[in-house]
Amino acid sequence: MEQLLEFQSVSKSYGKRTALRDVTLSIGPGRIVGLLGSNGSGKTTLMRIASGLTRPDSGTVRASGHEPGPVSKASVSFMPDKPVFESWMTVGDTLDFQRDFFADYDPGKASRMLDFMKLSRKDKASSLSKGMQERLQITLALSRRASLYLLDEPIGGVDPVSREHILNALMDFYEEDSTIVVSTHLVADMERIFDTVVMLKGGGVVLHEEVEQIRIDSGKSIDQLFKEVYAEC
Amino acid sequence: MTIEFDNNLPIYLQIMNYIKLQIVTGSLGPGDKIPSVRELASELKINPNTIQRTFQELEREGVAESRRGLGRFVTSEDEKIMSIKKEMASELLERFIGGMRELGFDSENIVKIVAESVDGGGREAGGTKRGTTA
């Protein structure tokens, strides 16, 4: 089966600091993958390279079958870890932008998600609380019928209620046969929605395994394993 | 449907046990339709592939069967349901007996305690225990 995300010996440095070190990775369709790592382990760099916002120094990348760029962006939906809207925008404006830029935007799905997230089109995006902004971000990302979703820290720094809402939305609104890659360090909250996890440490992949296999082999939760892997960090 | 999951154990096994329990207690009757992967994933907030695996295992064990285009159903074989019941009972017993042995009771005492407890309509366990060890 065709892979939705492929990294082949990908490296990236910012000055002297290595962000990604020889990353090789292959993720197929119909999966929810947890991209785990402590702060500075390379999660965001990997996401940005996959979505075409950053170019790798070396190695090859395929997202949804294409080199990251205009073609791949048509079927890859990326949610950055910081809000992307301008200060004058209402919630409705942000969705209109999404509609104008992406052919796979689904207005029906967007409306259902707005209701689900208790967001109103008239609200000013920049004056929403942090939790509501995260809800809007995830709404924007999932309002498209993409084949690959890249969500960078979707529940970072939000209250438990919004967290719950975002997790529920992920389970209710994901597209079958599409793949979602979610980066997080809040492993305990999210591990049940993953089928696979990739752990990054110091810019390299230290583990890529199915979560149920980890539980069977080690008798440990993913959260427990995560804490052991990053104990010295 | 609510399950308290333990993240240290494979989730698919926990869901299997939960569905079996529902079958044994009758909340899912013989021949009843089982929710779809999507429904259960969304309800339990569990990865759809994990749910898929649960169903595959249930089918492999003959507890559930899928009918093309109609969905998945609980087996209508009474024998199978009875054997699930026995299997669950023996798991309970094994755990109980293991726990009692760890507490230092021998076979004879375990039988005695169980018999007393059943006769006494479930008197407080602590009282019974003191009585037999004294």
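How many residues does the contact take from chain B, and how many from chain A? It takes 17 residues from chain B and 21 residues from chain A. Keep in mind that what you're looking at is a predicted model.

**Where the chains meet**

Putting chain B and chain A together buries about 1,700 Å², and carbon and sulfur atoms give 43% of that area. On the chain B side, three residues stand out: B:Asn7, B:Arg38 and B:Lys45 supply 38% of the area that chain B buries against chain A, more than any other three residues. The rule finds one salt bridge across this interface.

**Chain B on its own**

Chain B has six helices and three strands, and if you walk along from the N terminus the elements go α-β-α-α-β-β-α-α-α. Of its 134 residues, 35% count as buried. The accessible surface of chain B is about 8,100 Å², with 52% belonging to carbon and sulfur atoms. As for how the chain folds back on itself, take the contacts with a separation of 6 or more: residues 24 or more positions apart account for 50% of them.

The three strands make an open, antiparallel sheet in the order β1-β3-β2. That leaves β1 (33–34) and β2 (64–67) of chain B as the edge strands, each pairing on one side only. Two bridges hold the antiparallel pairing of β1(B) with β3 (residues 71–74) of chain B, and within it B:Ile34 sits opposite B:Arg72.

There's also a nonpolar patch on the surface, formed by B:Leu93, B:Phe96, B:Val114 and B:Val118, with about 340 Å² of accessible area together. Helices α4 (78–102) and α5 (107–119) of chain B each supply at least two of the patch residues. B:Phe96 is in helix α4 of chain B, and because its relative accessibility is 34%, B:Phe96 counts as partly exposed.

**Inside chain A: strand β3**

Over in chain A, strand β3 (residues 32–36) is worth a look. Five of its five residues are buried, so the strand is largely enclosed by the rest of the structure. A:Ile32, A:Gly34 and A:Leu36 point one way, while A:Val33 and A:Leu35 point the other way. That is what you'd expect, because side chains in a regular strand alternate between the two faces of the sheet.

| Partner strand in chain A | Bridges to β3(A) | One bridge pair |
|---|---|---|
| β7 (residues 179–184) | five bridges, parallel | A:Gly34 with A:Val182 |
| β8 (residues 196–201) | four bridges, parallel | A:Val33 with A:Thr196 |

**A buried lysine**

Is A:Lys109 buried or exposed? With a relative accessibility of 2%, A:Lys109 counts as buried because the cut-off is under 20%. A:Lys109 lies in helix α4 (residues 107–117) of chain A. And what is A:Lys109 in contact with, leaving aside its neighbours within four places in sequence? The residues are A:Leu142, A:Arg144, A:Tyr149, A:Phe173 and A:Glu175.

Note on methods
Residues numbered from 1 in each chain as written. Chains lettered and ligands numbered in written order. Predicted model: local features only at pLDDT ≥ 70, side-chain atom pairs only at ≥ 80, totals over all residues. Heavy atoms only, no water. Buried < 20%, exposed > 50% of the residue type's maximum accessible area, 1.4 Å probe, protein only. Pairing = 2+ DSSP bridges. Contact = heavy atoms within 4.5 Å. Patch = residues over 30% accessible without salt bridge, like charges linked within 9 Å, V, L, I, M, F, W, Y side chains within 5 Å. Areas by Shrake-Rupley, 256 points an atom, 1.4 Å probe, with all protein chains shown as cover. Salt bridge = Lys/Arg side-chain N within 4 Å of Asp/Glu carboxyl O. Buried area = accessible area lost by both parts, 1.4 Å probe.
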